[in-house]
Amino acid sequence: MDIYRVFVMEQRGCGALKEPRWWLFSLAVFLLWKGCFAQIRYSISEEQKDGAVVGNIAKDLGIDPRILRERGFRIVGSGDSLLRVNQNDGVLYVNGKIDREVVCDRSSVCLINLKMVLENPLEIHYIAVEVLDINDHVPNFLEKVKKLEISESALPGARFQLQPAQDPDGGTNSVQQYKLSQNEHFRIEVKDRGANGKIPFLILQKQLDRESIPNHRLIISASDGGRPSKTGSMEITVDVLDINDNSPVFTKDVYSASLDENAPIGTTVMRVNATDLDYGPNGEVFYAFSDDNSNSKFRELFDIDAITGDITVKGQIDFEESDVYEIDIQASDKGFAPLTTDKSVLIKIVDINDNAPEIEVTSFSSAVPEDARIGTTVALISVNDLDSGINGKVSCALPEDLPFKLTPSLQDNVYSLVTNSPLDREISFQYDIKLSARDAGNPPLSSEKTIKVLVSDVNDNSPEFPLTSYTFYVKENNVPGESLFSVSASDRDQGDNALVTYQICRDCGNNGFTSFLNINSENGKIYALKSFDFETVKMFHFHVLATDGGSPSLTSNVTINVFILDQNDNAPVILFPINTNGSAEGVEELPRNVNAGYLVAKVRAYDADVGYNGWLLFSLQEVSDHTLFGLDRYTGQIRTLRPFTETDESEHKVVILVKDNGNVSLSATATVAVKVVEPKEAFAAADSKSVAQDDEENGVTFYLIITLGAVSVLFLASIIVLIVMQCSKPKDYSSKYLQDAAYDGTLCHSIQYRSGDKRYMLVGPRMSIGSQIVPGSNGNTLVIPDRRRRPSEEVRHNCNKL
């Protein structure tokens, strides 16, 4: 670099210069202030690197570098941020990057002025650093793209001023020339305006045609005078402004499209497109339906977008209503005087399978007799589909698990619904027949229709009793006219065919008891016209007929077995003692010397009832001396409790109460008069008494024989009846007689038997504690647990114990 030094005054110690002039007096005053100054000028090119050396100030000023730091060597000024000085050696360096165009803008000479200061003594030196320009900038247009609008009616020679390029460099490094890219319509001219630079102009040299070339793309470049030179460019876009000189033209000669029926509203059918070579409003095309269309129905179905030309669905499209539409479309531009073009559009409607088959029952019999023959026609069915072609081809079917089938007729899509198997109203009285029709479309559509077919009843079922035979238990002494029990039969038929009436069969081999019975023909309740006596009859059976109301009527019968249940309606009868007039009184004579436990007498009694009702117990109702006599409650034996003493009375009265075990017990009393005599008198009385006793015992024996005979006859009759019932009943319903519990006591009757899974017993005394009441037996029959069942059938009759 070049360095220029201008020394105004150079000091080597500040006292060496002494000239005898007046101006030196002023200098002396200044020196008293201990200050000296000098000026140095350096030059440096711009864009130097950071730390580049500008010059050695200490060396150029002749200052010893060793005293720089202690004398506060530094630089000040507006450019001190661009340059820095080393206090050790006095070298001036570039501080950062220096751009001449930033520091001095457009000045022809660019200087950076600094002051160098030294203290003790004070010295100020002026330093000027000139920044030399280099060609470091490219000519730049403020706009990268310049848009011009030129009407296609502009004449050749028209001038259009362009904005000049900017180059911060100066001198020959600034913009020197402009060039335009090669084209046949434009050229460039440059006008030099001195300090304002060179101004470019775009000149039209050939008339424009927007329809041929709607816009032109030009490149203008600016070059400076540097070596090497640098060039900047700008794109010029020339838009040719249009005039309305072209009509819209459709892009196709024929527009046609296919549209599925039932297309959703808003579906685009097609797009018509017309182009206009003009530009702007003159080239903007909008679309509309032509007013020349004779059929205005299409306006309810279609719409056209004025901007895009899209024809869309507006209403419901139905192939069955119309299969083709021809529409006139009009395309117009937006020029001041609009130009218009018409075009015809053809829309073909494609049939889709959108109609499900319709099932119609033309003839229908709602009720079919259950005895109808196979092939009986129930209904005539027709099927229709509004679609065409394969979409309208229909097949009809019904479920296979029904006793019906469809038979095609000679006419298409007509079927007969006929029976396919026998009907039974009692199995199914109604059929919900689901008819299904299906077309051959893709995807296929189907429809269903349900018809109800009732099966009417015929009298083909007899009344049915729930049991093959009935067994009822009736208490004796029933009130005549009251209902004893009832039977019920059901008929699976309907209406009058199921109306059941009842009657007692008088000619079915029944015994004579049917004359004492009556039945309600409507509800099957059976009434007794008389009271039954268990002691007279134990059981009987008869038959009940059930007849329905059909024509002809059907009948069934059932056997009724009736067992009479004993009631406590017989009081005990005293058999001993009995006097001559029939009263239960007797006299017993005892020797005074008898011991305790002596048998005084034994009271004997009988009850015609059975079970608990015939189980007798004895008790003392009245006794003159309770310490002297005792009574066995089961046997009726009167015994002495102690020996007689001299102080005991010679006559005693003992009243015995005999009571059965019925729910409401019945009783009888017997009186025994006891006379205490001396032993001799007792022996004599015994001899005379033996004869009377023999007569008495003969009478008692006669009564016992009669009683046992009657009981035996009743027992044998019961056995015969039960055997007959056993033989007449099915295997799963039998009666078995089982052995009863052991008993010792008074007269009793005990009959045990089994019916089905239940065991019954007409009990006597001391029956099993585990017995229980049978439901429905009126509380008079007991059930014995199965643990006491024996495999063999037995009948045991406990006879009277006297």
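One definition comes before the tour: a residue is buried under 20% relative accessible area, exposed over 50%, and partly exposed in between (1.4 Å probe, protein chains only). The model is predicted, so local features need pLDDT of at least 70, side-chain atom pairs count only at pLDDT 80 or more, and totals for chains, interfaces and linings use all residues. Residues are numbered from 1 along each chain as its sequence is written, and side-chain values use heavy atoms, with hydrogens and water left out.

**Stop 1: the whole protein**

Show everything. The protein has 802 residues, and 42% of them count as buried. Its secondary structure comes to 5 helices and 53 strands. Both are DSSP runs, numbered from the N terminus: helices are H or I with at least four residues, strands are E with at least two. The protein exposes about 43300 Å², and carbon and sulfur atoms supply 51% of that area. Accessible areas come from the Shrake-Rupley method with a 1.4 Å probe; for residues, only the protein chains shown count as cover.

**Stop 2: two loop asparagines**

Select Asn 477. It lies in the loop between strand S33 (469-475) and S34. Is Asn 477 buried, exposed or partly exposed? Its relative accessibility is 42%, so Asn 477 counts as partly exposed. Its phi is positive, about 65°, although Asn 477 is not a glycine.

Now select Asn 413, in the loop between strand S29 (404-408) and strand S30 (414-419). Its phi is near 60°, again a positive value in a residue other than glycine. Asn 413 is partly exposed, with a relative accessible area of 25%. Most residues other than glycine have a negative phi, and most peptide bonds are trans.

**Stop 3: two cis peptide bonds**

Select Asn 442 and Pro 443. A cis peptide bond joins them, with omega about 0°. Pro 443 is found in the loop between strand S31 (430-439) and strand S32 (446-456).

Go on to Phe 576 and Pro 577. Here too the peptide bond is cis, with omega about 0°. Pro 577 lies in the loop between strand S40 (573-576) and strand S41 (585-591).

**Stop 4**

Select residues 525-528, strand S37. Which residues form its covered face? They are Ile 526 and Ala 528, while Lys 525 and Tyr 527 form the uncovered face.

Two strands pair if DSSP finds at least two bridges between them. Ser 483 stands opposite Tyr 527 in S37.

S36 and S37 are antiparallel and joined by 3 bridges. Leu 517 has Ala 528 in S37 as its bridge partner. The hairpin of S36 and S37 has 5 residues between the strands, and in it Gly 524 takes a positive phi near 80°.

**Stop 5: a three-strand sheet**

Select S18, S22 and S21. These 3 strands form an open sheet in the order S18-S22-S21, with antiparallel pairing. Why do S18 and S21 stand at the edges? Strand S18 (268-271) and strand S21 (302-304) each have a single partner strand, so one side of each is left without a neighbour in the sheet. In strand S22 (residues 310-313), joined to S18 by 3 bridges, the bridge partner of Met 270 is Ile 311.

**Stop 6: aromatic rings**

The structure holds 13 aromatic pairs. Rings of Phe, Tyr and Trp (its six-membered ring) pair if their centres lie within 6.5 Å; planes under 30 degrees apart count as stacked, over 60 as edge-to-face and the rest as tilted. Select Tyr 470 and Phe 472, a stacked pair with 5.8 Å centre to centre and 5° between the planes. Both Tyr 470 and Phe 472 are buried. Then select Phe 540 and Phe 542, also stacked, at 6.3 Å centre to centre and 25° between the planes. Phe 540 counts as buried at 1% relative accessibility, and Phe 542 is buried at 0%.

Finish with Phe 465, Tyr 470, Phe 472 and Phe 485, which form one aromatic cluster.
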